[in-house]
Amino acid sequence: MTPQQMKFANLIVYGVEGNPITKTEAARLAGYSDKGNWCSVAGSDLTNPVKYPLVCAYISNLRDEVRQKYGISFEGHLEELGKIRDRGKKDSKNLAAAATTEIARGKAAGFYIDQKIVRHGKIDDLNLEQLYERMRTIKEKNERLIKAKEFLNSTSESESENKTSQQKKLSSPEKTDNQDSTS
């Protein structure tokens, strides 16, 4: 990945001063050309796992770090929404604000994705063989993203192992010739 792609990914995840920005704005701020429609195209392309699987995997890893840092999980999100619902049954003061805040937490964690899917037919209409074929197709389309994420995870694991072994070498005293002769 290039430094420009890494900057784009960080802008997509963290925004500017904590405020979310669009893909086009992120591309512009990352240094992509502002001529014509290029920032819009670059922003769209960089978030396409088929074209840039490493960038998409890096964005996914950054989002995972944010979720872990702030303790946001899908289960916790649903539990909090359930608590808000229960409070709403008892007391309706500021319920809308609480619900909006929790939804914002979910959006920040990436649980909500704005997308439109046009379906032709129902999944219930598929037999088991057709369903498995559909799942294979989805997996094949996302194979590059899966491999890129595994690659990024494996390189970050090997980097942390290298750092750990270097720290052990630095912290453990080595014997010198004088120590050997006195023992």
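Residues are numbered from 1 along each chain as its sequence is written, and side-chain values use heavy atoms, with hydrogens and water left out.

**Exercise 1. Find out what the secondary structure of the protein comes to, and in which order its elements run from the N terminus on.**

Step 1: Recall that helices (H or I, at least four residues) and strands (E, at least two) are DSSP runs, numbered from the N terminus.
Step 2: Count them, and you get 9 helices and 0 strands.
Step 3: Write down the order, which is α-α-α-α-α-α-α-α-α.

**Exercise 2. Work out how confident the prediction is, and which element has the lowest mean pLDDT.**

Step 1: pLDDT is the predictor's confidence in each residue, from 0 to 100.
Step 2: The protein has a mean pLDDT of 79, and 81% of its residues reach 70 or more.
Step 3: Among the elements, H1 has the highest mean pLDDT (94), while helix H9 (residues 177-182) has the lowest (46).
Step 4: Over residues 174-183 pLDDT stays under 50. For this stretch the model has 2 contacts (heavy atoms within 4.5 Å) beyond four places in sequence.
Step 5: Where pLDDT is low, the predicted coordinates should not be read in detail.

**Exercise 3. Describe how H2 and H3 pack.**

Step 1: Two packed helices are described by the angle between their axes and the distance between the axes. Axes are lines fitted to C-alpha atoms, for helices over the stretch in contact, and angles run from 0 to 180 degrees between N-to-C directions.
Step 2: For H2 and H3 the angle is about 105°, and the axes are 7 Å apart.
Step 3: H2 and H3 are therefore roughly perpendicular to each other. (Angles under 35 degrees count as roughly parallel, over 145 as roughly antiparallel, 65 to 115 as roughly perpendicular and the rest as oblique.)
Step 4: On the H2 side, the contact is made by Lys-23, Thr-24, Ala-27 and Arg-28; on the H3 side, by Cys-39, Ser-40, Ala-42, Gly-43 and Ser-44.

**Exercise 4. Decide for Glu-17, Leu-131 and Gly-106: buried, partly exposed or exposed?**

Step 1: Buried means under 20% relative accessible area, exposed over 50%, partly exposed in between (1.4 Å probe, protein chains only).
Step 2: Glu-17 lies in the loop between helix H1 (3-14) and helix H2 (23-30). Its relative accessibility is 78%, so Glu-17 counts as exposed. Glu-17 also has a positive phi of about 55°, although it is not a glycine.
Step 3: Leu-131 sits in helix H7 (residues 128-141) and is partly exposed, at 26%.
Step 4: Gly-106 belongs to helix H6 (residues 95-108) and is buried, at 0%. Leaving aside neighbours within four places in sequence, Gly-106 is in contact with His-77, Phe-111 and Tyr-112.

Methods: Predicted model: local features only at pLDDT ≥ 70, side-chain atom pairs only at ≥ 80, totals over all residues.
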